[in-house]
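Take a look at the sequence and the model, and then let's walk through some of the spots worth a visit.

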Amino acid sequence: SPLIVLRDGKPYAGLGLPGGRRIVTVTSQLAVSLLDFSGTPQQVVNAARIHTEGEEPIQLTKSTPPAVVEELKQRGHRVEILLSLGADANAVIIDSKSGHVAAASTGTSTGAMMF
């Protein structure tokens, strides 16, 4: 389920991962990491992930900062720490001025990028 980001009407980024229940939350987090926090493709695909479908527990990856985990617990949430959350992710950024392409996939991804 890809997400294509345009900047000034030109392709800027592509993000995605295979389907499943967590695709909505993970794809949104990929976009936030890229657009709001200016992450590189490698940082985006490796960022901590959080998932909830409205019911407890809130699922977090083991790379979630301990302060975030503790804050959620302090607020009364039940937390479940997982090794991974969602499928392998892919991210690409295209600099339309220079033509430079930066891309990354999580370690086990077998995806390919095509233009």
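Predicted model: local features only at pLDDT ≥ 70, side-chain atom pairs only at ≥ 80, totals over all residues.

Let's start with Asp8, which is exposed, with a relative accessible area of 76%. You'll find Asp8 in the loop between β1 (3-7) and β2 (10-16).

Ser38 is another one to look up. This residue isn't a glycine, yet its phi is positive, at about 55°. Where does Ser38 sit? Its place is in the loop between α1 (23-36) and α2 (41-46). Ser38 also counts as exposed, and its relative accessible area is 59%.

## The overall picture

The protein has three helices and seven strands, and if you walk along from the N terminus, the elements come as β-β-α-α-β-β-α-β-β-β. Its C-alpha atoms fill a box of roughly 50 × 25 × 20 Å along the principal axes.

How many of the 115 residues count as buried? The share is 30%. The accessible surface comes to about 7,400 Å², and carbon and sulfur atoms hold 56% of that. Among contacts with a separation of 6 or more, 39% link residues 24 or more positions apart. As for charge, there are 10 positive and 10 negative charges, and their mean positions are 3 Å apart.

Three of the strands make up an open sheet, in the order β3-β4-β5, with mixed pairing. The edges are β3 (50-51) and β5 (79-82), each of which pairs on one side only. Helix α3 (residues 66-74) packs on this sheet and touches β3, β4 and β5. The direction of α3 makes about 155° with that of β5.

In which sense do β4 and β5 pair? Strand β4, residues 58-61, runs parallel with β5, and four bridges join the two.

## A cis bond in the loop

One last stop is Pro57, in the loop between β3 and β4. Zoom in on the peptide bond that leads from Glu56 to Pro57: it's cis, with omega near 5°.

Notes. Residues numbered from 1 in each chain as written. Heavy atoms only, no water. Buried < 20%, exposed > 50% of the residue type's maximum accessible area, 1.4 Å probe, protein only. Contact = heavy atoms within 4.5 Å. Areas by Shrake-Rupley, 256 points an atom, 1.4 Å probe, with all protein chains shown as cover. Lys, Arg positive; Asp, Glu negative; His and termini not counted. Charge placed at Lys NZ, Arg CZ, Asp CG, Glu CD. Pairing = 2+ DSSP bridges. Axes fitted to C-alpha atoms, helices over the stretch in contact; angles between N-to-C directions.
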